[in-house]
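Reader: Please take a close look at a single part of this model. I want the strands and their partners, with cut-offs.

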Amino acid sequence: MTAATHTAAPRAAAADRARAPRRRRRWHRIVIPFGVVAALVTTTLVAQALDRPDPGDPGYLSPVETDDHGASRLAEALRRRGVTVQRETDTAAALRAARSGPATLFVPAPQLLRPHTLARLAHLPGGTRLVLVDPSRRVLVGVGLPLTRTDRRWATRAVGPETAGRPCPLAELAPVRRAAAERQRYTPDGTAPVDLCFAAGLARLPGAGDTLVVGADDPFRNDRIGERDNQALAVGVLAAHGRVVWLDLAGPEPPPPSPSGAPPTWPSRPDGPPGGTTTPDPGATGGVRPGTPGDGDPGGGRPPQGSADDGERPPNPLWGAFPPWFWALLVQLALALLVAALWRARRLGPPAPEPLPVTVRSAETALGRARLYQRAGARGPAGRTLRATTLARLLPWLNLPADTPSERVARAVAARTGGDPEQIEDLLYGDDPDTDQELLDLARSLDALSRTVAASAPTQGRPAGAPPPPDPTEGGTR
Amino acid sequence: MTWRAALLLAVGASTLPLWPSPFVGVLVMTGAVLLLVLVDRLLAVPPAALTADRDGDRTVRLGGTATVVLRLGNTSGRTLRAQVRDAWVPSAGARPDLPPDRVLTVPPGDTVPLPTRLTPTRRGDRPAVAVTVRSLGPLRLAFRQRSGRPATPPWTLRVLPRFDSRRHLPEKLARLRVIDGTQVTRGRGQGTEFDTLREYVVGDDVRSIDWRASARRADVLVRTWRPERDRRLVCVLDTGRTSAVRVGDEPRLDTAIDAALLLTALAARAGDRVDLLAADTAVRAAVTGSGRPALLPRLVHALAPLEPALVETDFELIAGEILRRQRHRSLVVLFTALEPGALGEGLLPVLPRLAARHRVLVAASHDPVLAAMTTGAPARPEDAYAAAAGWRALAERDRVRAALTRYGVTVVDAPADALAPTVADTYLRLKSQAQL
């Protein structure tokens, strides 16, 4: 609307318009490749983050989950090896099972455990092996493992069993030649005796009951267990004893029940861990998480799709974070914005169209030819043109016919200007210039020569550079 | 709806924390605002009850300012509150006295004048495009606006050429009077046409004494001569593609129009009959110089709306038109460009027919950039290349000029700013040499 009513000076606008597309094209040249690369990188990062299984996902590394992020194939392989797989969905039951005899306690998602459970893991009886998958720093400290997490790779890499050139001391992993085990690397704290394998992606802490920490979940997952020697690694880690207690948690470990209803051998702490993320807020949400121990359904901790107790997802806690009037305010402001958009959308009349005059200058072809000469390095043709036109101007001034031999022209010019005839002949009939500088010198000399001749011409006071007019022609007045 | 409705909603949103049930509050307030908007819209003056007509200047010289008044009438029984936009093409340089974002109030049955000042930036016809009226309700929460209501009163402002070269006119007229013999500054009037016999006074050229007439009378009589009068001059403007390019700061056609106007003013004063023809593939304008006193204004009006067309000029048509219209020998001044392609293929084949009956003058302007390219002392290698290209372009033009000259055509090739005086000088020279 404003563009149509305001009339810019069209000539300035025309000049701007001529420059603007070139500038925009130059801008595009930078932005488009970088934009494509940035979009590719962003897409890759987002896709990788979405694709990577999260320990909190339902069915993550579960022996009964047959999806890509489950571990049913690992459980099957263990059973084929003659190992008993005892799946537990409750930490207390799992700990009880692990204490009942020599066993391997496999915790695929240790970050879901509460601190006091982690502390209990540190006191497993001898002869029990504890296997932790990619524990966080909190877990390492909670279990009391003298390990520090060092660099973490963006994606898991398949490596051999050596670490810094030393072979892996674990005998059960001898058949593993190459497995996807290097993602999170570990170093021992101080001088603690720690066996590192797979480029420090797997650490064993010997003790009464040894503890194994694996920095990558890839060897256990259904989608990657078939690659290289991943299955041999996973089975070797877990099949040390004839029984595997598989702690398969559906979500973060629930808080201990109230002291009154505490199960036996559970020294529950009434304060519990801080952080109300798992605390059901009856006022705000009112929902009950599936798999809560209060359900008394140990086998239904990981229910199949649709068979949950109420089938309802928990509402987003963001809704409860602000008072309802805040959301109503947002809705009304959005409505106000919509009204403003409707107001602006109706323009006060259509734009006024107008055919524009041509903006091409009449000297455009000559300027374009000059640039073409320069780009092609056409010094020879340019020099010849300059010489020919200078001669065409000089000859009428000197009253010489067009086919005068070169020496006579040079003599006549020299007589008029007082120069050296040989130099002038070389200037007017010499070789083509080879460099831009030679061409420039030639153009300058010819220009000076024609100016001198024109100034000394007694009868014709025409300024230099004006084309000699044929007789009955007017014009050229400058 | 207007920004007031949006503001009302936004302000209402701030009361939401006080509502017992905020979402009900949203519904209530939105509904209330919508209701107000609806009522306000119904109370606005319907656009069909408005009338519009125009009054004001029809022509303006390029560079001047014209005023066109739009009269907006309110035939309804309610007070009109409206935003009015009177849209002109951008090159008309319209500045309304009342900007479109201001609200205008018209009492029932009243009419208000809305002047617009126009300072056009280009020659030609500058039309008014559309009148848009946005009729607001009394609360200004809503408006009614319909395209075509009220109907846009048509108006076209004709922007006449600036005729910059009229500053050369006094000097050229003085030279014309010298040639005419009415003003003796450098000698007696030269001419070839017998005018009158008068008595000899001391100082007259003795060669002009008419002895035969003196013998019949007792006095010594001298013949007086004057330049031919009532000669014919035809200005032909080429409005094809070569006239569309920009020479200096304006299209080549504008330069040609300027020169044609100077030539016409001069020739009309010299007593010659001037016709005009503008054509590309069709005749765009034709003026015959019958009504001599008003010739120049008529010519200006005929030339003002000319726009160059991006087509190849049909010189066959032009030659045919000239031969058909001009039975007597005339001076045909052809304003075009010395383009080897356009003239070589178009003009040269028809030139013999034209030159056989008329005297032809080809007037062409060239870009001053070309002169700057060839005359400046080269300072950088680019300048040397530019000089070579410029000389080559000039050499091509010289070839065209030589080809035209072979047919006895006079060629005027001048920079754009010097075309008009050069053509006038050529005309005066031809006139003084009695070559018309």
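**Strand pairing in chain B**

Author: Ala82(B) stands opposite Leu104(B) in β6(B). This is a predicted model: local features need pLDDT of at least 70, side-chain atom pairs count only at pLDDT 80 or more, and totals for chains, interfaces and linings use all residues. Residues are numbered from 1 along each chain as its sequence is written, chains are lettered from A and ligands numbered from 1 in the order written, and side-chain values use heavy atoms, without hydrogens and water.

Start with strand β4 of chain B, residues 80-88. Strands are DSSP runs (E, at least two residues), numbered from the N terminus. Eight of the nine residues of β4(B) are buried, so the strand is largely enclosed by the rest of the structure. Buried means under 20% relative accessible area (1.4 Å probe, protein chains only).

Now its partners. Two strands pair if DSSP finds at least two bridges between them. β4(B) pairs with β6(B), residues 104-106, in the antiparallel sense over three bridges. β4(B) also pairs with β8(B), residues 124-136, again antiparallel, over eight bridges. There, Gln83(B) has Arg134(B) as its bridge partner.

Next, the open sheet. Four strands of chain B run in the order β1-β3-β7-β5, with antiparallel pairing. β1 (50-56) and β5 (94-96) stand at the edges, each with a single partner strand, so one side of each lacks a neighbour in the sheet. Neighbouring strands of this sheet are turned by 25° against each other on average, direction ignored; axes are lines fitted to C-alpha atoms. β5(B) pairs with β7(B), residues 111-118, in the antiparallel sense over three bridges. In that pair, Pro96(B) stands opposite Thr116(B).

Methods
Buried < 20%, exposed > 50% of the residue type's maximum accessible area, 1.4 Å probe, protein only. Axes fitted to C-alpha atoms, helices over the stretch in contact; angles between N-to-C directions.
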